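Me: Could you walk me through a few positions in this model? I'll ask as I go along.

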Amino acid sequence: MKKVLVLCTGNSCRSQIAHGYLQQFAGNKAQVYSAGVEIHGVNPKAVKIMTDDGVDISNHTSNNVDEYMDISFDYIITVCDNAKENCPYFPSKAQRFHQNFPDPAKATGTEQEVMEEFKRVRDMIKVYAADFVKQYV
């Protein structure tokens, strides 16, 4: 079973969404973790937008990357530039991947406009996660 770590700045939106899709697409072929270089808590809008697509991340927790230093990951995926630049060294054979996604938590406007941005980013991450699993898991 492959071990995958998804990293973002605060482990609240992008990494949580990626975690949900990677686990859904990989099933029992991978164990997926997500973490942040900081902890901001799981964003309720991320939970909602994932629920709208049939993926439940409501039990996810926001974790600091330091909690996973003893796990030998096969893959580490950074989903924002800040996490890529600040990701600590993992003493493992982990292959690293990077894809910078916009931060939907920074969206402004009406509630509907903000949720549209969450949906747009969610859909980008969904495509990335499906392709990743197809290629590497």
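Predicted model: local features only at pLDDT ≥ 70, side-chain atom pairs only at ≥ 80, totals over all residues.

Me: Where is G20 found?

Reply: G20 belongs to helix α1.

Me: And which residues is G20 in contact with, leaving aside its neighbours within four places in sequence?

Reply: With those neighbours left aside, the contacts of G20 are M50, V55, I57 and H60.

Me: How many Å separate the C-alpha atoms of G20 and Y136?

Reply: Their C-alpha atoms are separated by 17 Å, and the two residues are 116 residues apart along the chain.

Me: What about H19, buried or exposed?

Reply: H19 counts as buried because its relative accessibility is 13%, which is under the 20% limit used for that label. H19 is found in helix α1, which covers residues 14-26, and, not counting residues up to four places away in sequence, H19 touches V6, V32, Y33, S34 and H60.

Me: What caps the N-terminal end of α2?

Reply: That is N43, with a side-chain oxygen that lies 2.7 Å from the backbone nitrogen of K45.

Me: Changing topic, where does S62 lie?

Reply: S62 is in the loop that runs between α2 (44-51) and β3 (75-78).

Me: Why does S62 count as buried?

Reply: S62 counts as buried because its relative accessibility is 16%, again under the 20% cut-off.

Me: Which residues is S62 in contact with, beyond neighbours within four places in sequence?

Reply: Leaving those neighbours aside, S62 is in contact with G10, N11 and Q16, and also with I39, H40, G41 and V42.

Me: Which backbone atoms of N11 and G41 lie 3.2 Å from a polar atom of the S62 side chain?

Reply: For N11 it is the backbone oxygen, which lies 3.2 Å from a polar atom of the S62 side chain, whereas for G41 it is the backbone nitrogen, with a distance of 3.2 Å to a polar atom of that side chain.

Me: Last one: how many residues apart in sequence are S62 and A35?

Reply: S62 and A35 are 27 residues apart in sequence, while in space the separation is 6.5 Å from C-alpha to C-alpha.

Methods. Residues numbered from 1 in each chain as written. Heavy atoms only, no water. Helix = DSSP H or I, 4+ residues; strand = E, 2+ residues; numbered from the N terminus. Buried < 20%, exposed > 50% of the residue type's maximum accessible area, 1.4 Å probe, protein only. Contact = heavy atoms within 4.5 Å. Polar contact = N/O pair within 3.5 Å; in protein donor to acceptor, adjacent residues only side chain to side chain.
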